[in-house]
Amino acid sequence: MNGETLLKHAHQFALELPFTEQTWPFGPEYDVYRVGGKIFMIAITLRGKPLINLKADPQKALLHQEIYKSIEPGYHMNKKHWITVYGGDDISPELVEDLITDSWHKVVDKLPKRDQKRLRPQ
């Protein structure tokens, strides 16, 4: 999956998740996706290279970085809790969807219980 396809697919999939909002708090070049007011994905093109930043479980983040050459510690984020995904032959649409879904749930898990119940359809 190339970088442009990565950004388009990530954008479409993220907006399909319940209660996702797209915002631009850091300027028009940063597409920021939030749930419950908290960021779970940032999509940008940096020096001509499209990427997405996602929240990740620290252990899973390390594992993904070992397995996929197109996944690195979070660019300009907490390296323990964020990963950066670039376009590459090792990145599939299914992997992107799984990583985005994990990020969304990671953020919702930290919200108050009443908000979790409202945001997660049963």
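User: How much space lies in the largest pocket?

Analyst: This is a predicted model, in which local features need pLDDT of at least 70 and side-chain atom pairs pLDDT 80 or more, while totals for chains, interfaces and linings use all residues. Residues are numbered from 1 along each chain as its sequence is written, and side-chain values use heavy atoms, without hydrogens and water. On a 1 Å grid over the protein atoms alone, a pocket is an open set of points with protein on both sides within 12 Å along at least five of seven lines. Here the largest pocket holds about 150 Å³.

User: Which residues line the largest pocket?

Analyst: Lining residues have an atom within 4 Å of a point. In this case they are Phe26, Tyr30, Ile42, Ile44, Leu46, Asn53, Tyr75, His76 and Met77. Strand β3 supplies the largest share, three residues; a strand is a DSSP run of E, at least two residues long.

User: In what order do the strands of the open sheet lie?

Analyst: Two strands pair if DSSP finds at least two bridges between them. The six strands run β1-β2-β3-β4-β6-β5, with antiparallel pairing. At the edges are β1 (20-23) and β5 (71-73), each pairing on one side only. Three bridges join β5 to β6 (residues 82-86), and isoleucine 71 stands opposite valine 85 in β6.

Terms used: Helices (H or I, at least four residues) and strands (E, at least two) are DSSP runs, numbered from the N terminus. On a 1 Å grid over the protein atoms alone, a cavity is a set of points where a 1.4 Å probe fits but cannot get out, and a pocket is an open set with protein on both sides within 12 Å along at least five of seven lines; lining residues have an atom within 4 Å of a point. Grid points are joined across faces, edges and corners, and a volume is the space filled by probe spheres set on the points.
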